[in-house]
Amino acid sequence: MVSLGYKMNQNDIFKTILRRNQESLLSAIEGLTHSEMLLQLPGEGNCINWILGHIASYRDGMLVDSGLRQYMQADEIERYAGGSQPIRPGDACVNSTRLSELIVVSFNDLIDWLEHDTNGLSQNPAGNIKDNIGYSGVCSTLTEHFAQNIGHESIHVGELNPLHELVLESRKR
Amino acid sequence: MNHERDEAYKAKVGYRNLVETIGLSRIFGLMLGRNQSAIEAGYDGIEQSDSVLQLPGRSNCMNWILGHIAVYRDVMLMSIGKKPYVGKRELTLYGYGSDPIYEDSACVDISRLAEVLDGGHAILSEWLSLVGADFNVEAPHGLNVRKGDTIGEHLAHLMAHEAIHAGELGSLRELALVRMGKGWK
């Protein structure tokens, strides 16, 4: 086994996965309209709008944890919390354009923080971690909370792909 | 005196490296555990015939996604010097860019795919729990998928890759439940 003399740290792992998530996410929503982001597949899955809001709220959780500014209002976070009602055409929701903007700014802030605050992950999470968005009951450190939230968002990003295909199919009709 | 200071410095650096290694193992362990839970929740109670159901558009069925994740799990195993579970046939069926799997296509039974995924998860979890896993060594050359120069970088990409595919299982499960009459629509 050859060591390359380069030391990977926790920040590097999170940056790598966040960038992958962001790339897949932006590719799945590129060019879609707000109404297209409300289309539903069979069953109890969520639409793109709900998934975007849910991811954005968990990103806000990481921003708060790290002592950075959060972007979403309390009512917006509540609308997209885990276990919240699905969003269907006509339901109250945040416009998909705003959600797409939140996805971009939160990504930029998190990447910037991970890039520059190299010891940031070793600090204690801001506030009580049990009150922070995305607390899963199995984490107590900032690093663990990031691992949970970023792993969580990767799975939701995957949910976007079949919904993107659904939109493309709907355009053929 | 200098010798003592050097020794103390080495011990401090060694300790810091150890703490960092445990930190990286913990991150990968949490992510792998989360992925495996999502995968198991996706296929739980799903029969082979339901695993080949298709959603609208060009997405893949559950069988293809499970096989694809299994093939990439094997890449993780080989990266850390462990034996893979599947062979060339599975690689052809489920590798990147392989053909979609439909009802009448050749494929691996979902129960076998579940075994492979479970086995790979157990071996990787055990490796991650060992003190001394080195994430800064070069990722082996000759793998059919190599996503980074170091093992750590390579694993980070592969964990994210499998998480995104695990996410695709949710809507396919819903589709299967609807067909079984358990869905609400």
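The largest nonpolar core holds 94 residues, and A:Ile48, B:Leu66 and B:Met159 touch the most other members. Helix α6 of chain B, residues 151-179, gives the most to this core, with 13 residues. Bear in mind that this is a predicted model.

B:Met159 is worth a look up close. Skip its neighbours within four places in sequence, and B:Met159 is still in contact with B:Phe28, B:Met31, B:Leu32 and B:Asn35.

**Where the chains meet**

How many residues of chain A are in contact with chain B? The count is 38 residues of chain A, against 41 residues of chain B. On the chain A side, α1 (10-29) and α5 (142-172) each supply at least two of the touching residues. The largest share of that side comes from α5(A), with 18 residues. Sorted by class, the side of chain A that touches chain B has 15 nonpolar, 16 polar and 7 charged residues.

One helix pair that spans the two chains is α1(A) with α6(B). Their axes come within 9 Å and cross at roughly 35 degrees, and the crossing is right-handed. From α1(A), the residues involved are A:Ile13, A:Thr16, A:Ile17, A:Arg20, A:Asn21 and A:Ser24, and they meet B:Gly152, B:Glu153, B:Ala156, B:His157, B:Ala160 and B:Ile164 of α6(B).

**Helix packing inside chain A**

Two packed helices are described by the angle between their axes and the distance between the axes.

| Helix pair | Axis distance | Angle |
|---|---|---|
| α2(A) and α4(A) | 9 Å apart | about 30 degrees |
| α1(A) and α5(A) | within 9 Å | roughly 20 degrees |
| α1(A) and α6(B) | within 9 Å | roughly 35 degrees |

Take α1(A) and α5(A) to start with. Their axes cross at roughly 20 degrees, and the two helices are therefore roughly parallel to each other. The crossing is left-handed. On the α1(A) side you'll find A:Gln10, A:Phe14, A:Ile17, A:Leu18, A:Asn21, A:Ser24, A:Leu25, A:Ala28 and A:Ile29, which meet A:Thr143, A:Phe146, A:Ile150, A:Glu153, A:Ser154, A:Val157, A:Leu160, A:Asn161 and A:His164 of α5(A). By class, this contact divides into 10 nonpolar, 7 polar and 1 charged. A:Ile17, A:Asn21 and A:Ser24 are among the α1(A) residues listed here, and they also turn up in the contact of α1(A) with α6(B).

Now for α2(A) and α4(A), which cover residues 48-65 and 96-116 and pack at an angle of about 30 degrees. That angle makes α2(A) roughly parallel to α4(A). The crossing of this pair is left-handed. The α2(A) part of the contact includes A:Asn49, A:Leu52, A:Gly53, A:Ile55 and A:Ala56, while the α4(A) part includes A:Ser96, A:Leu99, A:Ser100, A:Leu102 and A:Ile103. Here the class tally is 9 nonpolar, 5 polar and 3 charged residues.

**Chain B as a whole**

What does the secondary structure of chain B come to? Of the 185 residues in chain B, 44% count as buried. Counting contacts in chain B between residues at least 6 apart in sequence, 69% join residues at least 24 apart.

**Two loop residues**

B:Leu143 sits in the loop between α5 (110-129) and α6 of chain B. Is B:Leu143 buried, partly exposed or exposed? Because B:Leu143 has 14 C-beta neighbours inside 10 Å, it counts as partly exposed. Apart from neighbours within four places in sequence, B:Leu143 is in contact with B:Val75, B:Met78 and B:Ser79. B:Met78 is 65 residues from B:Leu143 along the chain, yet the C-alpha atoms of the two are separated by 7.6 Å.

Over in chain A, A:Gly82 is found in the loop between α3 (74-79) and α4. A:Gly82 has 11 C-beta neighbours inside 10 Å, so this residue counts as exposed. A:Gly82 lies 91 residues from A:Arg173 in sequence, and their C-alpha atoms are 33 Å apart in space.

Methods: Residues numbered from 1 in each chain as written. Chains lettered and ligands numbered in written order. Predicted model: local features only at pLDDT ≥ 70, side-chain atom pairs only at ≥ 80, totals over all residues. Contact = placed C-beta atoms within 7 Å. Helix = DSSP H or I, 4+ residues; strand = E, 2+ residues; numbered from the N terminus. Nonpolar A, V, L, I, M, F, W, Y, C, P; charged D, E, K, R; others polar. Axes fitted to C-alpha atoms, helices over the stretch in contact; angles between N-to-C directions. Parallel < 35°, antiparallel > 145°, perpendicular 65-115°, else oblique. Left-handed = near helix turned anticlockwise from the far one by under 90°. Core = buried A, V, L, I, M, F, W, Y, C linked by C-beta atoms within 7 Å. Buried ≥ 20, exposed ≤ 12 C-beta atoms within 10 Å, placed from the backbone.
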